Amino acid sequence: MRVAIIAEGSYPFVSGGVSSWIHTLITQMPEFDFTIISIMPGSSRTTTEDWKYEIPVNGKSVKVYPLEVKEEKPVYPNLSAENKEDLLSFFLSKDQMGKAMRFLGNSDIIGNPSGFFRSNEFWEIVQICYKEEKLQSSFIDYFWMIRNKYEPILHLLQSEFDDYDLLHAASTGYAGVIGAYLSVNQDIPLIVTEHGIYSREREEEILKSDWIPMIYKSRWIQFFYFLSQLAYSQAEQLITLFQKNALVQEQLGAAKSKQLVIANGVTLSNPSFNSMRFSVENPIQLGAIVRVVPIKDIITMIYAASMLRKRHIPFQLQIFGPLDEDEEYVRECRNLVEELDLKEFVTFTGKINVQEKLVEIDVLLLTSISEGQPLAILEGLAAGVPFVSTNVGDCDELITGGAIDLFGPAGFIVPPVNPRKIAESIEKYVEEPSLIELHGRHGFKRVQHRYQLSEVIERYRSLYKEVGRIKQWQE
């Protein structure tokens, strides 16, 4: 069976998170042939030298589709009246049935991006949209807002794609649009797995942005919700990692009949269940399995470390993770470590074999401001290491178990962007070291009973066979 995994801004060019999940799926299901459709920002480096993973043998190819649109010889549209109505609905984010998706990839009808966005037809459609939306803004600004939203979509859908037996989008957004488009036009079944809620994440980014004028922020937010709805409506199965996100998907228009919850999974380690006593000569060993990027809020982690030092708590903090994804943010973090005089206490290791280091770690930290269901927490708990984590995504249920298990806490949950609470939680472990072993055992048991990788893979294997286009496919 030929499976296309559609990823946006991740595999195989970015380490951790969704990329690790994709790599694990491919590695653990050698009986399927995978193609990776990788959508990347135009400024990204996307050569094989930039791969962060060695592609498994059954990963037959990696096809990169940049979002950047390059000028080419114009091909102008040849639209019917019905096509124009469908495009108008699409540009107003009202095309819930995705009618325009049937011809957006056809340059004989809509032209190519260079031709369409210079055409009289586009000019006329934008004027109608502008009047209907009744915005108190410059028409020229509105024109470019519409073009900037939809030009990458047209560019992506007019790319060349192979034929597959199954599509599996690792998010909604641009990945979901490609999945929905291929599903509609090639009659290929689509599965969507949302690790976080893509449209909500884009909303947070847009609200914080300074490049989008305030008057257009709501339009950009509406645009990403619209893209998610297109993927939701076309998917045969819509998967998320935990129940709270499934409820959000439903609120955003997902059909309950399509939904499945399949959690992340990890392989159990051999935990040491450390219950040592701490001293100046033997400080508590802290770790963080994390990409050094703003959404992980390493700055808060560093300020928490500074508070520990001011409280005369002996510690060492090792930050495990790649340092090449946002070099400016890495410099900001390093500079803060120097300013706070923490160079003897905080170490950036870069990407390493974390499993080998976990035996040395007493407590792991996660200070993200947004998450889905972090593999980092599962990896730590599988090794018997407790966590201090922010209350984002599914972190609370991973650490406390929620209402559905009785294993007990596997760490402490704190509010985002709160270094004081992080420092206080670490201090509790220093004051009562036996909690490290107790919480470590709780977390290990939780993973053992609910988050084993073998069970996750078996669920996806069964789903692929059930949904895939070759119904009588034989192993």
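In this predicted model, helix 2 passes helix 5 in a right-handed crossing. The axes of helix 2 (residues 81-91) and helix 5 (residues 120-133) come within 10 Å and cross at roughly 50°; the two helices are therefore oblique to each other. On the helix 2 side, the contact involves K84, L87, L88 and F91, which meet E121, F122, E124, I125, I128 and C129 in helix 5. By class, these residues divide into 7 nonpolar, no polar and 3 charged.

A right-handed crossing also describes how helix 6 passes helix 9. Helix 6 (residues 139-157) and helix 9 (residues 214-234) pack at an angle of about 25°, with their axes 11 Å apart. That angle makes helix 6 roughly parallel to helix 9. Helix 6 contributes D141, Y142, M145, N148, K149, Y150 and I153 to the contact, and helix 9 contributes Y216, R219, W220, F223, F226 and L227. The contact of helix 6 with helix 9 has 9 nonpolar, 1 polar and 3 charged residues.

| Helix pair | Angle between axes | Axis distance |
|---|---|---|
| Helix 2 and helix 5 | roughly 50° | within 10 Å |
| Helix 6 and helix 9 | about 25° | 11 Å |

The second largest pocket has a volume of about 260 Å³. Its lining comprises 14 residues, of which I197, E204, N245, E371 and G393 lie nearest the centre of the pocket. Helix 8 (198-208) and helix 10 (243-251) each supply at least two residues of this lining. The lining has 5 nonpolar, 4 polar and 5 charged residues.

Key. Residues are numbered from 1 along each chain as its sequence is written. This is a predicted model: local features need pLDDT of at least 70, side-chain atom pairs count only at pLDDT 80 or more; totals for chains, interfaces and linings use all residues. Side-chain values use heavy atoms; hydrogens and water are left out. On a 1 Å grid over the protein atoms alone, a cavity is a set of points where a 1.4 Å probe fits but cannot get out, and a pocket is an open set with protein on both sides within 12 Å along at least five of seven lines; lining residues have an atom within 4 Å of a point. Grid points are joined across faces, edges and corners, and a volume is the space filled by probe spheres set on the points. Helices (H or I, at least four residues) and strands (E, at least two) are DSSP runs, numbered from the N terminus. Ala, Val, Leu, Ile, Met, Phe, Trp, Tyr, Cys and Pro count as nonpolar, Asp, Glu, Lys and Arg as charged, and the others, Gly among them, as polar. Axes are lines fitted to C-alpha atoms, for helices over the stretch in contact, and angles run from 0 to 180 degrees between N-to-C directions. Angles under 35 degrees count as roughly parallel, over 145 as roughly antiparallel, 65 to 115 as roughly perpendicular and the rest as oblique. A crossing is left-handed if the near helix is turned anticlockwise from the far one by less than a right angle, and right-handed if clockwise. Contact means heavy atoms within 4.5 Å.
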